[in-house]
Amino acid sequence: MVKLLHTLADHGDDVSCCAFSSSLLATCSLDKTIRLYSLSDFAELPHSPLRLHTYAVHCCCFSPSGHLLASCSTDGTTVLWSAHSGHTLTVLEQPGGSPVRVCCFSPDSAYLASGAADGSVVLWNAQTYKLYRCGSVKESSLVACAFSPDGGLFVTGSSGGDLTVWDDRMRCLHSEKAHDLGITCCSFSPQPLSGGEQGLQFYRLASCGQDCEVKLWVVSFTRVLGFELKYKSTLSGHCAPVLACAFSHDGQMLASGSVDKSVIIYGIGAQSVLHTLTQHTRYVTTCAFAPGTLLLATGSMDKTVNIWQFDLETPCPGSTNDLPKHLVEDWSEEDVSVWLRAQGLEDLVSIFRVNNIDGKELLHLTKESLAGDLKIESLGLRSKVLRSIEELRTKMESLSSGIPDEFICPITRELMKDPVIASDGYSYEREAVESWIHKKKRTSPMTNLALPSLVLTPNRTLKMAINRWLETHQK
């Protein structure tokens, strides 16, 4: 289930973008302002609204740490603000002065990308506020931008319909026509699909456009083999241009907003429609999921922002949350096929079916049987399967205890009492992650990549959800 939690109606013109940090919600509008709200009660902060732009504000975003807020405008500037005080830190002027349509931070908060109506894209150093690199797309406005979860790549989308992939040195790796009538938004799933071989990376990317379509892609990249952007599927449901798309923090859901005034929530595993939200009265221009919690914000030309809350026990079809109705050992071959698709392993479905792999056989697979019996040659795929099976066992143990997996610390596998968000975007029990950082230094417990910051931010929204669940289940 999903319910409307709150409606914000403070803007005087179309809402153009909304963005979450771990504790705040930012919204911006054609009324030239940015507004900030607390997630604890959705009260507007004392220093809100932020006023500096002289024309419409098109996009706003938080740095992963939540300390910085960026906004960009038709006035040709991108402004960096202190999220907690509202003070202006710097004003970045787009080369050529073209209207800036989109901005986004790299996952390590080191860089800020800004894209403009003249097709220019700039990488700014977010610490020194200096221009680092710049590039451009031809004969189109740049209207969408997203970094891969590891920050090694970023993708831009243009009004001409091209998806362009850049590396961290602003070298163009690939460009192709993705939407015939123009792209409006693109978003990476926060969760990598796999990474078995050293240096091998797979990510899911969503794009949407004026052609009324939402498309899913798989991005792969290695320093040796290079880059590949592979189209996977199209999600149906909208009957008008789709203006926005965003993944949930766990990558299991995708939200899209459209000119048809609706918001559609898709389950990524089965690629089916979970919910259709129709409360907005004009075009839906933006949508964003909160990091680490099941909150969704949607903004519209009706000048409002709606905040939605998902039932923590609502399953996403095709995900492991949809499968604990019976033990894994009792899964049929079809259940295993559904699970494979949910893990992004669609290419292995036929192999598993030919070998009659059911739930019991699944749990007994080893690296030797995957290579010898199933003839899976790719080390990366074998590693992905084994890791997914281990994650499945962990999830089944968590769900069998009745505790929602969102409430379980990834390190201790126990219910969190004092959840905090680390700079990798994941939530952990404070004591556990502090001990991890002390022993393992600066690595992420989830990705094993270097943590860009050691700052731990209290996840008050998650703590409130855990307390509500305890009140309900421990009477």
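Colleague: What makes you say that the charged end of Arg133 sits over the ring of Tyr132?

Modeller: The charged end of Arg133 is 4.8 Å from the centre of that ring, and the term asks for NZ of Lys or CZ of Arg within 6 Å of the ring centre and within 35 degrees of the ring normal. Please keep in mind that this is a predicted model, where local features need pLDDT of at least 70 and side-chain atom pairs count only at pLDDT 80 or more, while totals for chains, interfaces and linings use all residues. Residues are numbered from 1 along each chain as its sequence is written, and side-chain values use heavy atoms, with hydrogens and water left out.

Colleague: Thanks! Why is the pair of Phe147 and Phe154 called tilted?

Modeller: The structure holds 6 aromatic pairs. In this one the ring centres are 5.1 Å apart and the planes stand at 35 degrees, so the pair is tilted. Rings of Phe, Tyr and Trp (its six-membered ring) pair with centres within 6.5 Å; planes under 30 degrees apart are stacked, over 60 edge-to-face, and the rest tilted. Phe147 and Phe154 also form one aromatic cluster with Trp166.

Colleague: How do you know that Ser82 is buried?

Modeller: Ser82, in strand β8, has a relative accessible area of 17%, so it is buried (under 20%; exposed is over 50%, partly exposed in between, with a 1.4 Å probe and protein chains only).

Colleague: And what joins the side chains of Ser82 and Ser85?

Modeller: A polar contact of 3.0 Å joins them; the term needs a pair of N or O atoms within 3.5 Å, and within protein one must be able to donate a hydrogen and the other to accept it, while residues adjacent in sequence count only if both atoms are side-chain atoms.

Methods: Helix = DSSP H or I, 4+ residues; strand = E, 2+ residues; numbered from the N terminus.
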